[in-house]
Amino acid sequence: MKKSVEVCLTPELIHQHELGGKIAVVVDIFRATSCIVAGLHYGVNSVTPVGSVEACLSLGKQGFVTAGERGGQKIEEFDIGNSPFDYQNPDFIGRDVAITTTNGTMAIERSRNADEIVIGSFLNLSPTAGYLKSQNKSVVIHCAGWKGTPNIEDTLFAGAMIDRLGLDLSGDSSRMSLDLFKHHEEDLLSIAKVSGHARRLAGFGITKDIEYCMNVDEFKDVVVGMVDGRLVKI
Ligand code: MLT
């Protein structure tokens, strides 16, 4: 069968996509999947996504670093928030992290019917595209969006990934994503900055994360996937 790529613009629509036999690429550019990729690049051993603050705190009691946010803001009892800069800490090298976020970890959870889950970010766009090309499976890019609605930054990523994969497009959302990316290819940051969540984060004074998460190919050899419920370098 010929490989294809499709895009699910929000987790609310994932039931419309057949995931069996395919690789789900979960993406939450601002900021969950960018954090996961950065964390593994900077040396954490694994990242376990969980659905609730309580589940995260319970893993914390077992020695995990607790990470994440609600509504974009750090949870008071957690060790760290949801900034890729939080992971640039030598104390976390070799540690296991438990993470819960508003949208990203839920999109990961809702991808569990896929043959394989891979984590997408601009930070490791090319190595991830290389991995997907090397596998004999169709791809579903699962955008986390914001509280059930599509967003600009995840859709841009979907288009950028489609552009690199060069596979048959399945569904109109894949063409829409590619066109959005092509239109803004020369300046991804400007369009990403006007997205609803970028403006929400800027309202909290968080602007450096936005620029950082839009860096294409900051990490040249990191590919992240789910193995036995944990996200690790693959
Ligand atoms: C999410 O999962 O919704 C995000 O990662 C939110 C954030 O920017 O921290």
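**A conversation about the ligand and its cavity**

Reader: Which backbone atom contacts the ligand?
Author: In this predicted model, a polar backbone atom of Ala32 is 3.0 Å from an oxygen atom of the ligand.

Reader: How much of the ligand does the protein bury?
Author: The ligand taken alone exposes 270 Å², and the protein buries 100% of that area.

Reader: And which polar side-chain atom lies 2.6 Å from a ligand oxygen atom?
Author: That atom belongs to His197. The side chain of Asn82 also takes part, with an N or O atom 2.7 Å from an oxygen atom of the ligand.

Reader: How many residues surround the ligand, and which are the closest?
Author: There are 14 residues around the ligand. The closest are Asp28, Asn82, Thr101, Asn103 and His197.

Reader: What is the make-up of that shell by class?
Author: The shell around the ligand consists of seven polar, four nonpolar and three charged residues.

Reader: Let us turn to cavities. How many of 30 Å³ or more are found in the whole structure?
Author: The search finds one cavity of that size. The largest cavity holds about 60 Å³ of space.

Reader: What takes up the space of the largest cavity?
Author: The ligand does: the space it takes is the largest cavity.

Reader: Which residues line the largest cavity?
Author: The lining includes Asp28, Phe30, Arg31, Ala32 and Glu69. Gly72, Asn82, Thr101, Thr102, Asn103, Trp146 and His197 also belong to the lining. By class, six of the lining residues are polar, three are nonpolar and three are charged.

Reader: What kind of peptide bond joins Phe30 and Arg31, cis or trans?
Author: The bond between Phe30 and Arg31 is cis, with omega about 0°. Both of these residues are in the lining of the largest cavity. For context, most peptide bonds are trans.

Reader: Where is Arg31 found?
Author: Arg31 is in the loop between β2 (23-27) and α1 (32-41).

Reader: One more topic, the backbone at Asp217. Is its phi positive or negative?
Author: Asp217 has a positive phi, near 60°, although it is a residue other than glycine. Most residues other than glycine have a negative phi.

Reader: Where does Asp217 have its place?
Author: Asp217 is in the loop between α9 (208-213) and β10 (224-227).

How values were computed. Residues numbered from 1 in each chain as written. Predicted model: local features only at pLDDT ≥ 70, side-chain atom pairs only at ≥ 80, totals over all residues. Heavy atoms only, no water. Near = heavy atom within 4 Å. Polar contact = N/O pair within 3.5 Å; in protein donor to acceptor, adjacent residues only side chain to side chain. Areas by Shrake-Rupley, 256 points an atom, 1.4 Å probe, with all protein chains shown as cover. 1 Å grid on protein atoms, 1.4 Å probe; cavity = no way out; pocket = protein on both sides within 12 Å on 5 of 7 lines; lining within 4 Å. Sits in = over half its atoms within 2 Å of the grid points. Nonpolar A, V, L, I, M, F, W, Y, C, P; charged D, E, K, R; others polar. Points joined across faces, edges and corners; volume = space filled by probe spheres on them. Helix = DSSP H or I, 4+ residues; strand = E, 2+ residues; numbered from the N terminus.
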